[in-house]
There are 2 protein chains.
Amino acid sequence: MNVHGQHYRTIWLKKDNPGVVQIIDQRYLPHKFVIEDLTSVDEVATAIFEMHVRGAGLIGATAGYGMYIAALHAPRHNADAFSAALEADAEKLKATRPTAINLEWAVQRQLAAIEAAGSDIEAKIEAALQTAQIIADEDAEFCRRIGEHGLSLIEEISRRKQGEPVNILTHCNAGWLAFVDYGTATAPVYAAHDRGINVHVWVDETRPRNQGARLTAWELGQHGVPHTVIADNVGGHLMQHQMVDLVITGSDRTTYTGDVANKIGTYLKALAAYDNDVPFYVALPSSTIDWQMQDGVKEIPIEQRDATEVKYIAGLSDGEHTSVLLTPADSPAANYAFDVTPARLVSGLITERGICRATAAGVLELFPEKKLD
Amino acid sequence: MNVHGQHYRTIWLKKDNPGVVQIIDQRYLPHKFVIEDLTSVDEVATAIFEMHVRGAGLIGATAGYGMYIAALHAPRHNADAFSAALEADAEKLKATRPTAINLEWAVQRQLAAIEAAGSDIEAKIEAALQTAQIIADEDAEFCRRIGEHGLSLIEEISRRKQGEPVNILTHCNAGWLAFVDYGTATAPVYAAHDRGINVHVWVDETRPRNQGARLTAWELGQHGVPHTVIADNVGGHLMQHQMVDLVITGSDRTTYTGDVANKIGTYLKALAAYDNDVPFYVALPSSTIDWQMQDGVKEIPIEQRDATEVKYIAGLSDGEHTSVLLTPADSPAANYAFDVTPARLVSGLITERGICRATAAGVLELFPEKKLD
């Protein structure tokens, strides 16, 4: 998507130096547009762990490029040493964020591709490079298709409302900044807006890290999509008063039975949508589907992050990026980063292959190759 | 309750100068403890509108003292001029906050008391002074009784958990800072803590004004009650995982049918409590009961406040009270201050007369004098 009128992805290889991965350092958005160079696995791991990059798809793509960097720097004198270094770097990358399934998925895909490239080290490095690019390209293409499928939901509401604005609520940032391009929850919005459909987005600010207020608002604004930032507390009231036509969120991990792990607070919006008959859809590439787990609430590990993310918040003061203390200095805080929305509250899943019900039967109908014998 | 070991109410007449009302200016908490003098109705109205004071009971008590200040400064040469000035000041005070029913209730009670004091202006002023004190004293006493009644709920859970901590979630600040003393939602917590019952409070930070993170955390900390600050998004996850035993919130207006207007986001917590079989109680003095309205969601007016409260947030940076911009500068924001929780989601109401079901029958059983013929 565009930044100041120029097209960007969220991650790419540096022009003229393919040993350097470049990312948009999202910690400084919306106030500063900063590009960061990543040249080692440690830098890639830090970028994921400290959330210079974040979002299901982008974490996966970054891990993919991270494994390419790992291959590039692994010892070449001996196949065992090369493999051992790669395995160690794979563990390092996988340990950065426990909830996002794409991370593990991308790392495992790279290990398999590098293994399959045969015994020549150069061939292995080339395979890692190609796989990193393929992971990124697929991510963008899958998001584009999610947009096309989700568009049908918005078109239907727009027809029913006779062209009045379709009000869509979203939580966190499942926008293009969370992927390589287009986004998931935002992809149908961009597709609708680009076709001249009247849409308006309620943007949950998404405490404690404010990905909605900082990132979703910024990317919608850059693309010219009408939007309004709201506190996370507001969505229920809006739904009670028919001011939300559709909720679309992303997902960090969805069980094949339809339980959705997403940014903390998603479950509360799903409850409100259910209570007010507002359709609640989750947009996700199939790489975020967990084909093993059946009970998301019980089984999906939920990351706990540092209390300082709750007690302090950063913003712009006199042109400077400034962090302020919100609570009494000695009050403890807890920081659960995700919650799980049970499938019974989810109207449907929007995937790269189409829309399905949030049930094992619905998911397996779209992905029949995953059916167990 | 105590501040730095000294007992305070939230509002009082200045010692040696009963023409001056003093308040704790809550805008500076938890970082600074500031006492403000109010000497005119305009200053009182500003203190309410700009939320130097806030919370259902304290707004009512402040309006009560405001009407005393109005009587003190009204023209004394002529009964009609005195009444006209009082009426104008009453309108000014009532216009400051539309949702809190205590405001109108306190102003009307003052007008009636002043009217009933006869034709002598000095007697009217004395009546206004006494009524202001009575409103404040009743508020404190009713909160104390709410604490005693609510204590029974906590004791029962504590027995069931064999002394393990009773985890209570609260939203916003319905603490003593929102009243004259004790608070409503916090009164049972203080009563339990003071009796040695093991309690722990999950404090919703309560965006956009962070009354939980700033005020509830501060007053619990001053009283030594174990507590943890959480983003508003977290409560649903905690309830899914049996980490909340009881929710207690306050109310800005409750219909006699049991619908509860309270700080925006309360409805979302009530939905989560209902979905997870967690008891959800609302603590309120009967002055916040609306005896006219039947359908809170449709009828209770919801205040919209300025978008800057969403876009900017204040905190402490390098020892200075600093405001930072959270969103893109040109993104619009909406700021609905309250929502309404339907009675069907409320386990019960804790009032100064006892606990009742959130139904017209339940409420009227405790307040039989309100029964219509």
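How much area do chain A and chain B bury between them?

## The interface between the chains

In this predicted model, chain A and chain B together bury about 4,700 Å², and 61% of that area is on carbon and sulfur atoms. The contact involves 61 residues of chain A and 61 residues of chain B.

Four salt bridges are counted between chain A and chain B. One of them joins the side chains of Arg207(A) and Glu205(B), with an N to O distance of 2.4 Å. Several elements of chain A give two or more residues to the side that touches chain B, including α7 (211-223), β8 (227-230) and α9 (266-275). The largest share, six residues, comes from α9(A). By class, this side of chain A has 34 nonpolar, 19 polar and eight charged residues.

## Two domains in chain A

Chain A is assigned domain 1 (2-138) and domain 2 (150-370). Their C-alpha centres lie 25 Å apart. Where they meet, 33 residues of domain 1 are in contact with 30 residues of domain 2.

The two domains of chain A bury about 2,900 Å² between them, 57% of it on carbon and sulfur atoms. Arg54(A), Thr99(A) and Ile101(A) supply 22% of the area that domain 1 buries against domain 2, more than any other three residues.

Glu303(A) and Arg97(A) form a salt bridge, their closest N and O atoms being 3.1 Å apart.

Note on methods:
Residues numbered from 1 in each chain as written. Chains lettered and ligands numbered in written order. Predicted model: local features only at pLDDT ≥ 70, side-chain atom pairs only at ≥ 80, totals over all residues. Heavy atoms only, no water. Contact = heavy atoms within 4.5 Å. Buried area = accessible area lost by both parts, 1.4 Å probe. Helix = DSSP H or I, 4+ residues; strand = E, 2+ residues; numbered from the N terminus. Nonpolar A, V, L, I, M, F, W, Y, C, P; charged D, E, K, R; others polar. Domains from an automatic or database assignment.
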